[in-house]
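Here are my notes on the structure you sent over.

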Amino acid sequence: MNYVGIDIGSTASKVVALGDKNIEFVLPTGWSSKETVDEIKNRLLSYEIDVCDDNTKVVATGYGRISVDFADKIITEITCHGKGGTEIAKGDCTIIDIGGQDTKVIIVENNFVSDFIMNDKCSAGTGKFIEVMANRLGVTIDELFDMAKKGETVKISSLCTVFAESEVVSLIAQNKEVDDIVHGLNKAVAVKTKALVKRVNG
């Protein structure tokens with residue numbers, strides 16, 4: 001038997017297959033979830049895993065999970081996070097997911113999701129915020145994080161992606177160290193996430 005998990009996220013799609021072959025890969029979701037699903041299906045076939053075969057079971061999650069029309073089961077991201085968090089933590093835990101489109105904080109108690117909260121309908125403090133800032137600075141996301149480790153905080157006043165991008169341009173014009181700006185951007189995301197944790201914990 002092959003067991004395949006497919007997460008069609010807003011920015012990236014992740015696939016894990018366990019069974020005859022253990023495979024995992026990530027690819028951009030792009031503008032069409034359906035096209036991404038077709039690409040995943042073909043890539044799995046190249047590994048000799050036929051998602052329509054009776055010996056393959058598929059579970060789908062993520063924003064585009066409905067597009068996985070061959071899935072045997074469709075599960076929400078919150079439920080998947082809860083199951084995964086319980087397995088990794090071996091008990092109660094708090095899960096923080098900074099996704100491409102939103103940030104989630106999930107509380108797991110007694111092996112079940114007891115509460116969760118998501119950020120406002122805005123890309124502030126999400127993966128998209130980080131991606132936009134990396135593009136503005138002309139670096140990859142991995143390089144952005146490496147730069148942040150070297151810097152000291154420059155305060156970023158706004159977490160709105162559009163306003164923060166303008167603020168970064170202004171700080172560069174003021175000859176602020178780029179590593180310091182990046183450190184400030186990362187700290188701003190951390191502060192936003194901490195506020196979400198406080199809200200869900202009361």
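1. A quick definition before the helices come up: axes are lines fitted to C-alpha atoms, for helices over the stretch in contact, and angles run from 0 to 180 degrees between N-to-C directions. Keep in mind, too, that this is a predicted model.

2. With that in hand, take helix H3 and helix H6 (residues 178-200): their axes come within 11 Å and cross at roughly 170°. Angles over 145 degrees count as roughly antiparallel, and H3 and H6 are therefore roughly antiparallel to each other. On the H3 side the contact is made by Phe129, Ile130, Met133 and Leu137, and on the H6 side by Val178, Val182, Leu185 and Val189. By class, that contact of H3 with H6 has eight nonpolar, no polar and no charged residues.

3. How do H3 (residues 127-137) and helix H4 (residues 141-150) cross? Their axes come within 9 Å, at an angle of roughly 85°. Since 65 to 115 degrees counts as roughly perpendicular, H3 and H4 are therefore roughly perpendicular to each other. Ile130, Glu131, Ala134 and Leu137 of H3 meet Ile141, Leu144 and Phe145 of H4 in this contact. The residues of the contact of H3 with H4 divide into six nonpolar, no polar and one charged. Ile130 and Leu137 are listed for H3 in its contact with H4 and also in its contact with H6.

4. Stepping back to the whole chain: the secondary structure comes to six helices and eight strands. From the N terminus the elements run β-β-β-α-β-β-α-β-β-β-α-α-α-α. The C-alpha atoms fill a box of roughly 60 × 40 × 30 Å along the principal axes. Of the 202 residues, 41% are buried. Among contacts with a separation of 6 or more, 50% come from residues 24 or more positions apart.

5. Now the sheet. Five strands form an open sheet in the order S3-S2-S1-S4-S5, with mixed pairing. Its edge strands are S3 (23-28) and S5, each of which pairs on one side only. As a reminder, strands of a sheet pair through backbone hydrogen bonds, either parallel or antiparallel.

6. Going through the pairs, strand S2 (residues 12-18) and S3 run antiparallel and are joined by six bridges.

7. Which strands does helix H1 (residues 33-46) lie across? The answer is S1, S2 and S3, with H1 running at about 150° to S3.

8. Two residues deserve a look at their backbone. Most residues other than glycine have a negative phi, and most peptide bonds are trans. Glu48, not a glycine, has a positive phi of about 65°. Glu48 lies in the loop between H1 and S4 and, at 66% relative accessibility, counts as exposed. Asn110 is not a glycine either, and has a positive phi of about 55°. Asn110 sits in the loop between strand S7 (103-109) and strand S8 (112-118), and its 61% relative accessibility makes it exposed as well.

9. Leaving aside neighbours within four places in sequence, Thr126 is in contact with Ile98, Gly99, Gly100, Gln101, Asp102, Thr103 and Asn119. Thr126 and Asp72, by contrast, are 54 residues apart in sequence and 30 Å apart in space, C-alpha to C-alpha.

10. Last, the cysteines. A disulfide is a covalent bond between the sulfur atoms of two cysteines, and the structure holds zero disulfides. For Cys93, the nearest cysteine sulfur is that of Cys80, 14 Å away. A disulfide would need the two sulfur atoms within 2.5 Å. Cys93 is also buried, with a relative accessible area of 16%.

Definitions and conventions. Residues are numbered from 1 along each chain as its sequence is written. This is a predicted model: local features need pLDDT of at least 70, side-chain atom pairs count only at pLDDT 80 or more; totals for chains, interfaces and linings use all residues. Side-chain values use heavy atoms; hydrogens and water are left out. Helices (H or I, at least four residues) and strands (E, at least two) are DSSP runs, numbered from the N terminus. Angles under 35 degrees count as roughly parallel, over 145 as roughly antiparallel, 65 to 115 as roughly perpendicular and the rest as oblique. Contact means heavy atoms within 4.5 Å. Ala, Val, Leu, Ile, Met, Phe, Trp, Tyr, Cys and Pro count as nonpolar, Asp, Glu, Lys and Arg as charged, and the others, Gly among them, as polar. Two strands pair if DSSP finds at least two bridges between them. Buried means under 20% relative accessible area, exposed over 50%, partly exposed in between (1.4 Å probe, protein chains only).
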